[in-house]
Amino acid sequence: MKDVSLIDLVCGISSALDYISPAVTGHHRRVGLGAVALASQVGVPASSLVDLLLAGLMHDIGAFSMDLALDGLKFDSDLKEHAVVGYRLLKDHPFLERASRMVLYHHTCWSDLRVIRQEGDRETLLLANIINLADRVDILRRVGTSSRERCEVEQAVAGFTSDLYAPRLLEAFRELADGGLFWPLVEDMDRPVREMLSRNLLDVRITPDELIDFSSFFTRIIDFRSRHTATHTAGVAESAVLLAKLAGMSEQEQKAMRLAGNLHDIGKLAVPTALLDKPGALDSDEYVKVQDHATVCAEVLRSISGLGEVADWACQHHERLNGKGYPLGLTADQLSLGSRIMQVADVHTAITEDRPYRKGMAREKVVTVLRSMADNGFLDPDIVNLIIENHDRFDAVRTIVQSRALSEFRRFAEASR
């Protein structure tokens, strides 16, 4: 593993949200870039722009965690609830603490922000109002599947009052639009975000250990969308690390396996919670939708430079040695030891944990299922033997980490009511 760009990482995570609905494709990217452009125009210090960009890229993360219907992007409906949930999802990580406060207030009007004193510094509240304006501009430009001309959006913004937005922000938007600078920056969807802004300013690097810590934290955003996914990632990651150790992988490789385990289901951000929570079997269309999460995982993680083999291990957890897996139908000669370990860890966790439609399997049934999958060429028999020979140890480890994750989820859910 190498150092990775924090901006690349968050852009990748943010891009996963695009898959939930065509109405929001590119929305978070455009809001993040628009917010940075507005902030630079009003003289916000360079040191604050990274936090602002992070907040813009993830400002609606609470809505997707709550599975709100945003197809219409109805700006004037009551969306403050998802801002609170987004804040609570982000606030406990040091990289995102300040960004979380911007997310908290990104649907609060300027007249209300001006009277807030106890919640934070004035600059952070201004930055929240900047995200609010960038968000509104993008929603005006694209409402559902329709769109408005740029000049129509500019006319609408010209009619906004100082109760909604700080006057200097409205003036900054007018200056940028008149100067031809705003729209080309925001609507260029081909170049990486980091290349469009100052490299020295925004290319914050995080170390492999920091990345693992960040990914452990970020599993709550992936998993907390549903009670039935709230513990899955923790179980897979812990099982994969133990398998890697028993298979003779080095300490560094074990760390890489934990990162892959933490991120292997990032594509499920694009799966509606109605499917994650469905108590019965999925129909064919629903099954395809759920399968898409592996494709999304690959597109997201491979967009992040520096992950290397970690992306393969994470994205190939539904591939099978006999070529009958998905999304690519890879075969044994194309699947590394790390990918094989992740496959077994994912299957073992899935069949031993409780699901919406069944209780977790007992040991005898687990052994039967795993041996059958190995005998029929789906899973690596050597890795399967490792987990069967150490079944009690794996089950104890999985139970401990999943119980911890469930307690955290319950605390989060209770506080969100």
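1. A pocket is an open set of grid points with protein on both sides within 12 Å along at least five of seven lines, and its lining residues have an atom within 4 Å of a point. In this predicted model, the second largest pocket has a volume of about 510 Å³. Of the 24 residues that line this pocket, the closest to its centre are Cys11, Gly12, Ser15, Arg29 and Ser303.

2. The origin of the pocket lining can be stated by helix. Helix 1 (6–16) gives the largest share of the lining of the second largest pocket, namely six residues. Helix 1, helix 2 (27–41), helix 12 (193–196) and helix 18 (284–301) each supply at least two residues of that lining. By residue class, the lining divides into eight nonpolar, eight polar and eight charged residues.

3. On cysteines, the structure holds zero disulfides. The sulfur of Cys297 has its closest cysteine sulfur in Cys315, at 3.3 Å. Because a disulfide requires the two sulfur atoms to lie within 2.5 Å, this pair is too far apart for a bond. Cys297 is itself buried, with a relative accessible area of 0%.

4. Salt bridges are next. Side chains of opposite charge can pair when their charged atoms come close. Across the whole structure, 18 salt bridges are found. One of them joins the side chains of Arg141 and Glu187, at 2.7 Å from N to O. Arg141 belongs to helix 8 (residues 122–141) and Glu187 to helix 11 (residues 182–187), so this pair ties together parts that are 46 residues apart in sequence. Both Arg141 and Glu187 are buried.

5. Arg398 counts as buried at 8% relative accessibility, whereas Asp395 is partly exposed, with a relative accessible area of 25%.

6. Shared partners also deserve a remark.

7. Asp92 is partly exposed, with a relative accessible area of 48%. Lys91 is likewise partly exposed, and its relative accessible area is 29%.

Note on methods
Residues numbered from 1 in each chain as written. Predicted model: local features only at pLDDT ≥ 70, side-chain atom pairs only at ≥ 80, totals over all residues. Heavy atoms only, no water. Buried < 20%, exposed > 50% of the residue type's maximum accessible area, 1.4 Å probe, protein only. 1 Å grid on protein atoms, 1.4 Å probe; cavity = no way out; pocket = protein on both sides within 12 Å on 5 of 7 lines; lining within 4 Å. Points joined across faces, edges and corners; volume = space filled by probe spheres on them. Helix = DSSP H or I, 4+ residues; strand = E, 2+ residues; numbered from the N terminus. Nonpolar A, V, L, I, M, F, W, Y, C, P; charged D, E, K, R; others polar. Salt bridge = Lys/Arg side-chain N within 4 Å of Asp/Glu carboxyl O.
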